[in-house]
Amino acid sequence: MSIVDRLVETIVIVTFAAMIAVGTAQVFNRYFLNVSLSWSEEFQRYGQIWLVFLAIPVAYRRGMHMGIAGLRNVLSESGRRWFVRFIDLCWIGLGIAIALGTYQFMGLLRTQRSAGLGLPMNWVYMGILMGAAYMVLIGIRRITASFAGHQVIDTLGEP
């Protein structure tokens with residue numbers, strides 16, 4: 001699973017770097033060459049879709065999302081474990097809902113192309129589907145690890 005984790009993180013890093021490069025090129029072309037890149041805004045918009053929906057599960061896996069510290073802190077050790085499992089089930093449910101909705105939406109977009117880049121629109125939204133599937137995978141891994149007795153980082157970044 002570490003290969004999948006590193007692959008997703010690499011996609012996030014490369015997407016972010018490409019967005020910075022295209023944004024910089026657009027600013028340079030517009031202000032110094034007086035020529036605008038017709039496709040740069042579309043690239044940035046679609047890159048952000050991929051970036052956000054792949055970075056959400058990365059942060060979830062690392063325990064970097066906001067947690068409910070007030071409730072968590074008043075629970076016993078056993079209560080905390082069950083609370084974290086409940087939160088993981090919520091993440092799995094969210095991932096499944098996003099994946100199903102996105103899959104249906106992608107079916108509608110199968111024949112459409114983006115205006116500037118000419119990309120099939122279902123490719124543009126594939127990042128949402130991939131991020132949701134990865135989120136479900138992480139949730140399953142976390143719950144499985146929790147029941148196997150392994151220490152899981154909770155949503156507050158604490159074991």
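**Helices, cores and a pocket in a predicted model**

The model is predicted, so local features need pLDDT of at least 70 and side-chain atom pairs count only at pLDDT 80 or more, while totals for chains, interfaces and linings use all residues. Residues are numbered from 1 along each chain as its sequence is written, and side-chain values use heavy atoms, with hydrogens and water left out. Helices are DSSP runs (H or I, at least four residues), numbered from the N terminus.

Helix lengths were checked against an expected span, defined as 1.5 Å times one less than the number of residues. H6 has 22 residues and should span 32 Å; its end C-alpha atoms are 32 Å apart, which agrees.

Burial was assigned by relative accessible area: buried is under 20%, exposed over 50%, and partly exposed in between (1.4 Å probe, protein chains only). The buried residues of H1 are Asp-5, Val-8, Glu-9, Val-12, Thr-15, Met-19, Val-22, Gln-26 and Asn-29. H2 and H6 are among the elements that cover them. In H4, the buried residues include Phe-83, Ile-87, Asp-88, Trp-91 and Gly-95.

A nonpolar core is a set of buried Ala, Val, Leu, Ile, Met, Phe, Trp, Tyr and Cys residues joined through side-chain atoms within 4.5 Å. The largest such core holds 13 residues, of which Val-8, Tyr-60, Trp-91 and Tyr-134 touch the most other members. At least two of its residues come from each of H1 (2-33), H2 (40-61), H4 (77-108) and H6 (126-147). H2 gives the most, with 4 residues. Another core, of 11 residues, lies apart from it and includes Tyr-46, Tyr-125, Ile-128 and Ala-132. In soluble globular proteins, nonpolar side chains tend to be buried together.

Contacts (heavy atoms within 4.5 Å) were listed for Tyr-134. Not counting residues up to four places away in sequence, Tyr-134 touches Val-4, Asp-5, Val-8, Pro-57, Val-58, Arg-61 and Arg-141.

Gln-44 is placed in helix H2. It is partly exposed, with a relative accessible area of 22%. Beyond residues up to four places away in sequence, Gln-44 touches Met-19, Val-22 and Gly-23. Gln-44 and Gly-23 are 21 residues apart in sequence, yet 7.4 Å apart in space, C-alpha to C-alpha.

The loop between H1 and H2 contains Asn-34. Phi of Asn-34 is near 60°, a positive value in a residue other than glycine. Asn-34 counts as exposed, at 69% relative accessibility.

The second largest pocket has a volume of about 170 Å³. Its lining includes Thr-15, Met-19, Phe-43, Tyr-46, Trp-50, Leu-117 and Trp-123. A pocket is an open set of points on a 1 Å grid over the protein atoms alone, where a 1.4 Å probe fits, with protein on both sides within 12 Å along at least five of seven lines; lining residues have an atom within 4 Å of a point. Grid points are joined across faces, edges and corners, and volume is the space filled by probe spheres set on the points. H1, H2 and helix H5 (121-124) each supply at least two lining residues. H2 gives the most, with 4. The lining divides into 9 nonpolar, 2 polar and no charged residues. Here Ala, Val, Leu, Ile, Met, Phe, Trp, Tyr, Cys and Pro count as nonpolar, Asp, Glu, Lys and Arg as charged, and the others, Gly among them, as polar.
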